[in-house]
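Please keep the sequence and the model in view while reading.

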Amino acid sequence: MSSSTSAPSAPPWTEEQITDQTGRVAVVTGANAGIGYVTARELARHGAHTVLACRDRDRGEAALGRLRREVPHARAELRLVDLADLRSVRAFADGWDHDRLDLLVNNAGIVMPPLTRTVDGFEAQFGVNHLGTYALTGRLLPHLLRAAAPRVVTVSSESQLTASFDLANLNAERRYRPGSAYAQSKRANVYFSAQLHRWAVAQGLPLRSMIAVPGLTDTGVITKSTRYGTLWRALVPRLVGLVAKPVAEGARPSLYAATVPDLPGGSYVAPRGPLQIRGATTVRHGRRTVYDEATAVALWDLSERLTGVRYDSPGAQSG
């Protein structure tokens, strides 16, 4: 009579498993707070020279000071960029003076504002969450391609699963609903990241593009908003507090996508649980959006026309 036991499952991945990042130069957008701050801090803690790319100087300097207190040995700096202004995006890239860029974490984004427009006239969530990300990555591409193993991580959201993606209404041409526009912009992040992976493969480049989905995280972006009514401010923080996870857990998919050495390009990193809301960080397969190349190409072409940024050839782009 024999008996067998199943092998114990591996413990959930945490930031403690990040490998030595010494020698890497990393940019994290929206690093002044929330998931972006934790991502920048942990990259710096493990040795990366980390650039906090922030829109607001005061909040960026406060975040940099906090990071240096929490990680005294950190090699970190602040640089300003506003993804709502394509001139600012260009200035950030033109001012890059490191010899290369190993890692870009496209984390910055805005969540469900009233209908507003960027400096360039785009609906704010589409303009910041997608077009700003597309343009910044393209502008930084020459620096990324000087690295031996460049990587781009684009942070989406579990809300992209619910998006009704309408290429004819990405810019609120016909109507605007804040939640729908947010989900659509985060779906655009997935299309962009997946197409960047395909583009790099077609060009024979070593660049790896990853998608990270944090899951429902209590960053305070929605719960602390004063744009909504009294009932919202009374109920939503309680509901989020019941189901959302701490910011440190929400940053794990970004950190996993940014640092796991053998992670294939095109990986979709998200919580394991239902609807990608909670659960251990894992690589998820079979996400329909990732494989929708036709829509991704159409969005890529539209983004090129709207921003003037082209991913033309290895080592160079124009716009």
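Contact here means heavy atoms within 4.5 Å. Axes are lines fitted to C-alpha atoms, for helices over the stretch in contact, and angles run from 0 to 180 degrees between N-to-C directions. Helices (H or I, at least four residues) and strands (E, at least two) are DSSP runs, numbered from the N terminus. The model is predicted: local features need pLDDT of at least 70, side-chain atom pairs count only at pLDDT 80 or more, and totals for chains, interfaces and linings use all residues. Residues are numbered from 1 along each chain as its sequence is written, and side-chain values use heavy atoms, with hydrogens and water left out.

Strands of a sheet pair through backbone hydrogen bonds, either parallel or antiparallel. In this model, eight strands form an open sheet with mixed pairing, in the order β3-β2-β1-β4-β5-β6-β7-β8; two strands pair if DSSP finds at least two bridges between them. The edges are β3 (75–80) and β8 (281–284), each of which pairs on one side only. From one strand to the next, the twist averages 20 degrees. Strand β7 (residues 268–271) runs antiparallel to β8 and is joined to β8 by four bridges. Within this part of the sheet, Ala270 stands opposite Thr282 in β8.

Helix α5 (residues 178–203) lies across β4 (103–106), β5 (151–155), β6 and β7, and runs at about 160 degrees to β6. Helix α8 (residues 252–259) lies across β4, β5, β6, β7 and β8, at about 165 degrees to β5. The axis of α8 also comes within 9 Å of that of helix α1 (residues 34–45), and the two cross at roughly 40 degrees. That angle makes α1 oblique to α8, because angles under 35 degrees count as roughly parallel, over 145 as roughly antiparallel, 65 to 115 as roughly perpendicular and the rest as oblique. Ile35, Thr39, Glu42 and Leu43 of α1 make the contact with Ser254, Leu255 and Thr259 of α8.

Beyond residues up to four places away in sequence, Met210 touches residues including Val152, Ser193, Ala257 and Gly266. Gln195, in helix α5, likewise counts as buried, at 11% relative accessibility. Leaving aside neighbours within four places in sequence, Gln195 is in contact with Glu293, Ala296, Val297 and Trp300.

Note on methods:
Buried < 20%, exposed > 50% of the residue type's maximum accessible area, 1.4 Å probe, protein only.
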